[in-house]
Amino acid sequence: MRGTVYTETVVWSAPEAHLADAPYQLAIIIQEDGKRITGRIVGNRAAIDDVVELAETRDGVPLFRLAGPGA
């Protein structure tokens with residue numbers, strides 16, 4: 001699944017279940033079909049309009065990473 005970052009933020013004060021992961025980046029991704037999904041960005045930080053791809057799903061949370069050329 002690929003998409004484009006619509007908006008993003010960094011969570012510094014995480015809920016108890018995710019304290020060990022803070023800080024982490026959350027983003028709303030516009031998928032190729034136009035639907036929006038909220039997920040976390042792993043690896044390098046993404047900016048608005050960056051293309052990302054689904055890396056994995058962990059505990060029901062989609063994890064996206066920047067899409068490389070030709071990905």
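Modeller: Helices and strands here are DSSP runs, a helix needing at least four residues and a strand at least two. The model is a predicted one.

Biologist: How many helices and how many strands does the protein chain have?

Modeller: Read from the N terminus, the elements run β-β-β-β-β. The count for the protein chain is therefore zero helices and five strands, given those DSSP runs.

Biologist: Why is the protein chain described as being as compact as a globular protein of its length?

Modeller: The globule rule gives 11 Å for 71 residues, and the chain is close to that value, so it is as compact as a globular protein of that length. The C-alpha trace spans about 35 × 20 × 20 Å along its principal axes. The radius of gyration itself is 12 Å.

Biologist: What share of the residues in the protein chain is buried?

Modeller: A residue counts as buried when its relative accessible area is under 20%. The protein chain has 71 residues, and the buried ones make up 25%.

Biologist: How many salt bridges does a search of the whole structure find?

Modeller: Side chains of opposite charge can pair when their charged atoms come close. The protein chain carries 7 positive and 10 negative side chains. The search of the whole structure gives a total of four salt bridges.

Biologist: Which residue forms a salt bridge with Arg45?

Modeller: The closest N and O atoms of this pair are 2.9 Å apart, and the partner of Arg45 is Glu8. Arg45 sits in the loop between β3 (36-41) and β4 (51-58) while the partner is in strand β1 (residues 2-11), so parts 37 residues apart in sequence are tied together. Arg45 is exposed at 54% relative accessible area.

Biologist: In the salt bridge between Asp21 and Arg40, is Arg40 buried or exposed?

Modeller: The closest N and O atoms of Asp21 and Arg40 are 3.2 Å apart. Asp21 lies in the loop between β1 and β2 (24-31) and Arg40 in strand β3, so the pair ties together parts 19 residues apart in sequence. Asp21 counts as partly exposed at 33% relative accessibility. With a relative accessible area of 12%, Arg40 is buried.

Biologist: Which strands hold Glu53 and Arg65?

Modeller: The side chains of Glu53 and Arg65 meet in a salt bridge, 3.1 Å from N to O. This pair links distant parts of the chain, 12 residues apart. Glu53 is buried at 14% relative accessible area, and Arg65 is partly exposed at 39%. Glu53 is in strand β4 and Arg65 in strand β5.

How values were computed: Residues numbered from 1 in each chain as written. Predicted model: local features only at pLDDT ≥ 70, side-chain atom pairs only at ≥ 80, totals over all residues. Heavy atoms only, no water. Rg over C-alpha atoms; globule rule 2.2 N^0.38 Å. Buried < 20%, exposed > 50% of the residue type's maximum accessible area, 1.4 Å probe, protein only. Lys, Arg positive; Asp, Glu negative; His and termini not counted. Charge placed at Lys NZ, Arg CZ, Asp CG, Glu CD.
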